[in-house]
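Please look over the sequence and the model before reading on.

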Amino acid sequence: MTSHLKTILLVEDTEDDIVLTQRAMKKSKILNDLAIARDGQEALDYLFCQGAHAGRNKNETPAVILLDLKLPKVDGMQVLQRLRSDPALKYVPVVILTSSKEQEDLLNGYKFGANSYIRKPVDFEQFAQAVQHMGLYWLLMNETPSRSSAF
Amino acid sequence: MAVAFLICGALISRMTRRMRLVIEDAQASAELKRTNKELEAFSYSVSHDLRTPLRAIDGFSHALAEEYGDKLDEEGKEYLRRVRAGCTRMGQLIDDILALSRVIRQQMKSEAVDLASLARSVAETLAQADPDRKVDVKTCERLPVRGDAGLLRIALENLLGNAWKFTRKKPDARIEFGSLEKDGERVFFVKDNGAGFDMAYVDKLFGAFQRLHDAKDFPGTGIGLATVHRIIQRHGGRIWAEGKMEEGSSFYFTIKEAP
């Protein structure tokens, strides 16, 4: 493991939820940088290093992507499908973080290759706990294939 | 010739009438589909959009209490606690309304279901969530029916959950689930020796948002029995209840047996 912490990408359009996620991460001592995309198109621009993010190095993939589903312009499912069809982004862990508990979203999320699905609870303590578990699992426990072995 | 013409005319007019009926039927079914789709979009929006601001209210009240708590006196802290309790309650209401709407719009399955083992599994979950309670739950061996297992589970969760809740103050809490034969019909029942209810209000029991007990003693949103009612209706059955204050309640339901 490198000492340099990889960035976490948060794809979220609600400002309140962005602030609350940042607070929950701070409380869970997750120290990774947080990149924020406020709609699906911005998320794709970030991941594919295009548009406003054209200068970014595509090899620096996020440690984990926290993806809301209901987003302006391009929705979360479409973002997920796009990045799962890209060889370089295929293995990046994606955690769907959404308000919806609809069965269809859950099934589609897994079908399109999400690694886990967290329903944002109303209660902040539960929310902070969910973020902490997410961080523990995807940032510490989980081993993703290194780039050399992925090809 | 004129007769043939008349017959032809009558036939054509009858056919047009029939065709109009067919077209109206198709329109009604298209309309129904559209309404269903709209209802689905509506519940999705309720689920997602109503919860988002609620999360903000709860989250920032939490932040305020934690980071600025030393600037608040006890009364101020109590207000914040009430704000957060309100959020939890509204979150629960939204979830229950959604569960009710899902029960109404969901496609029904017809499968073999053993209500007795379903009831045992629900009772186990209740006991696990509330390990300090001692409740004597009785079910019979097997109660096979045909119906939608998911929906019937929700119905039993509500009925047994209520029995569990309303026996809270009884030291010898008892719940029984079983069936009896009445006028050649199989009737299922959930009985408890809990708080019961006043039969004067029995008509209100199955209406959404109706509560017969005070929220402090027995918390709830008042949507549970409305949900059960819908589920039993969708199974072609009936549901009714009997109760006596402080002595207990009995809920009875039937399910239309497949021919």
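## The contact between the chains

In this predicted model, 23 residues of chain B are in contact with 23 residues of chain A, contact meaning heavy atoms within 4.5 Å. The area buried between chain B and chain A is about 2200 Å², and carbon and sulfur atoms give 47% of that area. Buried area here is the accessible area (1.4 Å probe) that two parts lose on being put together, summed over both. On the side of chain B, the residues that lose the most area to chain A are B:Tyr44, B:His48 and B:Arg55, together 31% of what that side buries.

Between chain B and chain A there are 10 residue pairs in polar contact, with both residues at pLDDT 80 or more. A polar contact is a pair of N or O atoms within 3.5 Å; within protein, one must be able to donate a hydrogen and the other to accept it, and residues adjacent in sequence count only if both atoms are side-chain atoms. H1(B) gives the most, with 16 residues. Helices (H or I, at least four residues) and strands (E, at least two) are DSSP runs, numbered from the N terminus.

By class, the side of chain B that touches chain A has six nonpolar, seven polar and 10 charged residues. Ala, Val, Leu, Ile, Met, Phe, Trp, Tyr, Cys and Pro count as nonpolar, Asp, Glu, Lys and Arg as charged, and the others, Gly among them, as polar.

Residues are numbered from 1 along each chain as its sequence is written, while chains are lettered from A and ligands numbered from 1 in the order in which they are written. Local features need pLDDT of at least 70, side-chain atom pairs count only at pLDDT 80 or more, and totals for chains, interfaces and linings use all residues; side-chain values use heavy atoms, with hydrogens and water left out.

## Salt bridges

Side chains of opposite charge can pair when their charged atoms come close. A salt bridge is a side-chain nitrogen of Lys or Arg within 4 Å of a carboxyl oxygen of Asp or Glu. The structure holds 20 salt bridges over all chains, and the count between chain B and chain A is seven. Some of them are listed here.

| Residue | Partner | N to O distance |
|---|---|---|
| B:Arg55 | A:Asp17 | 2.6 Å |
| A:Lys120 | A:Asp17 | 3.0 Å |
| A:Arg119 | B:Asp95 | 3.1 Å |
| A:Lys58 | A:Asp86 | 3.2 Å |

A:Asp17 pairs with A:Lys120 in a salt bridge. A:Asp17 lies in helix H1 (residues 15-27) of chain A and A:Lys120 in the loop between strand S5 (116-119) and helix H5 (124-141) of chain A, so the pair ties together parts that are 103 residues apart in sequence. A:Asp17 counts as buried because its relative accessibility is 1%, and A:Lys120 is buried at 2%. Buried means under 20% relative accessible area, exposed over 50%, and partly exposed in between (1.4 Å probe, protein chains only). A network of salt bridges links A:Glu12, A:Asp17, A:Lys120 and B:Arg55.

A:Arg119 lies in strand S5 of chain A and B:Asp95 in helix H2 of chain B, so the pair joins two chains. A:Arg119 is buried, with a relative accessible area of 19%.

Within chain A, A:Lys58 and A:Asp86 also meet in a salt bridge. A:Lys58 is in the loop between H2 and S3 of chain A, and A:Asp86 is in the loop between helix H3 (76-84) and strand S4 (94-98), 28 residues apart. A:Lys58 is partly exposed at 26% relative accessible area, whereas A:Asp86 counts as buried at 12%.

## Chain B

Chain B has five helices and seven strands. Of its 259 residues, 36% count as buried. Among contacts in chain B with a separation of 6 or more, 70% are between residues 24 or more positions apart.

In H4(B), the buried residues include B:Leu151, B:Leu152, B:Ala155 and B:Trp164. At the start of H4(B), a side-chain oxygen of B:Asp148 reaches to within 3.0 Å of the backbone nitrogen of B:Gly150.
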